[in-house]
Amino acid sequence: METVSENRCFGGMQAVYKHTSKVCACDMTFAVFLPPQVSEGPVPCLWYLSGLTCNHENAMTKAGLQAHAAEHGLALVFPDTSPRGDGVADDEAYDLGQGAGFYVNATKAPWNAHFKMYDYIVRELRDLVQDTFPVNGRHGITGHSMGGHGALIIALRNPDLYQSVSAFAPITNPTQSAWGRKQLTAYLGDDEAEWADYDATILLRERGWNGEILIDQGADDQFVNLLRPHAIAGVVTETCQPAVIRLQERYDHSYFFVSTFGGDHIAWHADRLCGNGQAAVPAREAAQ
């Protein structure tokens, strides 16, 4: 694993790394923020999955999550959104190919050679983070837009691996949205039965979640019809799933929206990841 950069940040360290992924069959880049509390021992870990066109850097530099993570003693992981490189399949459209992995395991050519983002996040990168960095066994996951879709499906399919989940303006029902049907057809084929494992609305109805879910959605989000928040809200009501779904007046789909409510999400995850004897050391004590 190659260290690309390291920067002191809110008493901790924000770093970027590159490694060769066996799952994606190419080099992958990811970022990790370690809070100052790691000087006292391993801390819980929160994963942030980014949206279309993004890479590891967007949320790292725009979401403003490090200050909140340092306060609560959480490590942050910012993966890339897809495999990349000259030998990796791509498309001229912004919403397919590189930068648009949709957190699925592609089964159709040419995408199946590299686009295994589900296994990369859930297995390979998780194992690498767990083995390399001072994090304990408690993990939460969140994300924005396509990344919110990724966070929800990954948590719902792996409740043994993640103790908390939230999302910012997630694509909640991709099997019924233009942000989903196009990509799922390309990556998985025409059989819609194969798509269900990558649709949070379907998964929540079928599997539920052992805990609460937090979703923030901008009321003035220009992509709200593609995100379909009403679909997952309907399942929450139908199944009596504990959840907090907040429609935020006059907020759009940008990182200004994410950064505004990022502190709420960090605190949400900290409440769930730092309990049961796993509480992190307050930052002011770790700095002494």
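At the start of helix H9, a side-chain oxygen of Ser254 comes to within 3.2 Å of the backbone nitrogen of Phe256. The model is a predicted one. Helix H9 covers residues 255-273 and has a kink of about 45° centred on Phe261. The structure contains 0 disulfides.

**Helix H9**

**Ser21**
- Ser21 lies in strand S2, which spans residues 12-21.
- Ser21 is buried, with a relative accessibility of 2%.
- The backbone nitrogen of Val23 is reached by the side chain of Ser21 at 3.3 Å.
- Beyond its neighbours within four places in sequence, Ser21 is in contact with Cys26, Met28, Tyr120 and Glu124.

**Cysteines**
- Cys26, a contact of Ser21, is buried at 10% relative accessibility.
- The cysteine sulfur closest to that of Cys26 belongs to Cys24 and is 5.4 Å away, which is too far for a bond, because a disulfide needs the two sulfur atoms within 2.5 Å.
- Cys54 is in no disulfide either, and its nearest cysteine sulfur, again that of Cys24, is 17 Å away.
- Cys54 is buried, and its relative accessible area is 8%.

Conventions:
Residues numbered from 1 in each chain as written. Predicted model: local features only at pLDDT ≥ 70, side-chain atom pairs only at ≥ 80, totals over all residues. Heavy atoms only, no water. Buried < 20%, exposed > 50% of the residue type's maximum accessible area, 1.4 Å probe, protein only. Helix = DSSP H or I, 4+ residues; strand = E, 2+ residues; numbered from the N terminus. Polar contact = N/O pair within 3.5 Å; in protein donor to acceptor, adjacent residues only side chain to side chain. Contact = heavy atoms within 4.5 Å. Bend = angle between axes of the 7 residues up to and from the residue.
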